[in-house]
Amino acid sequence: MTTSGNRPSKAVAFLFQRVKASALLQDNRLLASGNQTPVVPRATRMVLPRGRMPHASVILLATVVAIFSLVPLGFIGWVTYDVGWETVKTLVFRPRVGELLVNTVLLESITIPVSIALAVTLAWLTERTDIPFARLWAWLAIAPLAVPAFVHSYAWVSLVPGMRGLQSGVFVSVIAYYPFLYLPVAAALRRLDPAIEDAAASLGLNPWRVFFRAVLPQLRLAICGGSLLIALHLLSEYGLFVMIRFDTFATAIVDQFQSSYNSPASNMLGGVLVACCLFLLGFEVLVRGNERYARVGSGSPRPTDRRRLGWLVVPAVLLPVILAILTLGVPLVTLGRWLYLGGTDIWRIDVGSAFLQTIVLAIVGGVLATIAAAPMAWLSVRAPGRFQRVLEACHYYVGSLPGVVVALALVTITVRLVLPLYQTFATLLVAYVMLFLPRAMVGLRASIAQAPVELERAAMGLGRTPGQAVRQITMRLAAPGAAASVALAALGITNELTATLMLSPNGVDTLATKFWSLTSEIDYVSAAPYAFMMVVLSLPLTLMLYTQSKRTAGQ
Amino acid sequence: MNIALNRFSLALAASLLFATALAGSANAQDEGLVVYNAQHESLGREWIDAFTKETGIKVTMRQGSDMQFANQIIQEGDASPADVFLTENSPAMTLVDGAGLFAPIEKETLDQVPDQYRPADGMWTGIAARTTVFAYDKTKLTEDKLPKSMLDLADPAWKGRWGAAPAGADFQAIVAALLQLKGEDATKAWLKGLKDNATPYKGNSVAMKAVNSGEVEGAVIYHYYWFGDQAKTGENSKNVGLHYFKNQDPGAFVSVSGGGILKSTQHMKEAQAFLKFLTSKAGQAVLKDGDSYEYAIGKDEPSNEKLTPLADLNAPKVEASTLDSKKVVELMTAAGLI
């Protein structure tokens, strides 16, 4: 059995890696279903014989990272224990928490289906029909990722000042986040074997039913992964919802933080938020199910025919056009308008220094996250095992926590236990490493998996120690993947807001925090250059994400 | 073989070095006087720039909010990196003072500020002031339909018609004044009315903007947001009028912005000089001439002439040094407002 013909894109790998916390126990199943990166037949895969590799030291390193990752969760547990059950009860079981819960449930349960419908339609149009300029639409579908979510809402609020509440929350969330679904769904559609559809059609199903009964089920993993990613983003998003005045746990925690710094109340809200994250992770496992989707057998599938749209081409083109206007046109026009109104005055020296600080933090944070992820990435490819899966779960879960929760924990711990680290770059970078660890695992895992283990063995056969073999062979082959990891984590750091606000050293301003303080004084004009620079920084990274997804999908 | 090894280790070492160098240099760098600034960032910046220009003393500002910093300073204790703490309102000052973390302010500084704008013990001082107003939609409300007292807004008749920014320190100061003036039960009742009737906004300026765009008929905010906007484009306040409650109503509360010096400071001389500067003629002139539109409170220091004079506001008598911020956060959490 092989999994060839199911070679997934790195972007998809990323999405699935991100949600791996839930999938750890099904690692083999995922591999079989072609949604993991390894493409080498399993029997000769990259697992090394026991006793010949520096397992112990690598496991030790990975364990250290995993322990660090557990800090936020442990902290919430400790606060819960510390304040006592009575206090927990009054802080958790109160109407306000109920309100926030209702808001969250509504937000998730409307945004996700709408995003799925939109992403699947769009992906189908660009991948499986003869829609003109398909490539352009595919590009434009991903481009909104270069605009930070809170810049999306800034654009919309300045265009329609009355926007607020649930509907607006859903609307802007869909616009800002649907590419997370489009990306894996389009990639999955691209490599579906048309034989199944042919079979369905030959059994007499009309094209609609073929789509719903033969195509859609095969997209299940992509849809589940993308949805989970969006769902987790919705839980942790702060700026977007503050701007359009929709209260979520993340906004309420920051409110509490600003009213009372680090009170049990804010930590209890954090605890509920963590519970929501865990619920989502578990829910996704249930929904995803256990079916196999892999192609079995030799040979490769024939290329898929593109469906003729006929007169439908008009509405078909309208969809991506309208979407592009909403997702890109509005932010760019609003930004352009504020920039024009502000003239040259708004390009103060602060913009430059914030830009520099952001770039330095993003690159250093990205590099550190990648280094921290390396032992686990190597272990999970070369030496998977039960204990390793537990370690890996620790690496992944922490990335699903909102920045607020991680920051709250680090604030208290540094101020009480390791004061020299309080309000330093070191602590801020630790937070970034935690938050973006899963992103860093992605590129690394993928590229380590693609570095043949035989080369390592050959190196050892020629007298290298195992450590030397890993460094000289695997690490060098994995370098491009590591670069991708750095870039992905850097993209996240560029747009990170809450943890930066709470943890940054005195006098440090990133583009995101400067933008934020100006918009909260509704000084939209002065905020515009910062937003613009964030887009400038994010654009090449988004571009890379796209080309990679294309390249690894063989196009 | 060694070349490859070296190249890899070199890259690794370089990035680690880069990271530590960055962290190290930033930490080693002399920050000068560290000010935890919960005042508006722009006003804090204006003050600091003017101070540095006059004295040559370097100042590093950290931006945050009143209660966040107050609690943070208490947790930091003696190890607080802060030298000076500036707030928008006084309750946060009381909190830190209560924890015994402030150093006494020099007499010369205190002499520049009238008694009613600073606590008797001289552990912190007022630096500016602001008054509560009801910003209302001029196109919808006329004089006779305005609330007589801020407490009227808890009446079901006002359901859905007004807004506030309850999560902010500004608003919590108003509640603290109410608590002192009318007691816990009345405050609880009013907060319940607020929860039922009012639309919550993030920030006073956002609340005023909502009044302007007709979302609500009025909002409880501080006066200067309106003046600030009028001075700029007026875009967010053209339909908005200001109603001063006067009559010593809780809604006529004048909130004192505070400045204090942390006992643990290593820069006592500079810190004292800073507060002395803020309350001096030059410091208060920043309030008069700048675009903050907050009230100057220095003895015989005039405020911006566009403002209704402080003396005409007929504010209730509130003892600023005893405003109970902790209780306020408790009550507001219980009321489901934060």
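## Where the two chains meet

In this predicted model, 49 residues of chain B are in contact with 51 residues of chain A, contact being heavy atoms within 4.5 Å. Together the two chains bury about 4400 Å², with 57% of that on carbon and sulfur atoms. Buried area here is the accessible area (1.4 Å probe) that two parts lose on being put together, summed over both.

## Bridges and polar contacts

The rule finds 6 salt bridges across the interface of chain B and chain A, each a side-chain nitrogen of Lys or Arg within 4 Å of a carboxyl oxygen of Asp or Glu. The side chains of B:Lys195 and A:Glu99 form a salt bridge at 2.9 Å, N to O.

## A look at A:Arg190

Over in chain A, A:Arg190 sits in helix α9, residues 179-190; helices are DSSP runs (H or I, at least four residues), numbered from the N terminus. A:Arg190 is buried, at 15% relative accessible area, where buried means under 20% (1.4 Å probe, protein chains only). Its side chain makes a polar contact of 3.2 Å with that of A:Glu127.

## Reading the numbers

Residues are numbered from 1 along each chain as its sequence is written, and chains are lettered from A in the order in which they are written. Local features need pLDDT of at least 70, side-chain atom pairs count only at pLDDT 80 or more, and totals for chains, interfaces and linings use all residues, while side-chain values use heavy atoms, leaving out hydrogens and water.

Definitions and conventions. Helix = DSSP H or I, 4+ residues; strand = E, 2+ residues; numbered from the N terminus. Buried < 20%, exposed > 50% of the residue type's maximum accessible area, 1.4 Å probe, protein only. Polar contact = N/O pair within 3.5 Å; in protein donor to acceptor, adjacent residues only side chain to side chain.
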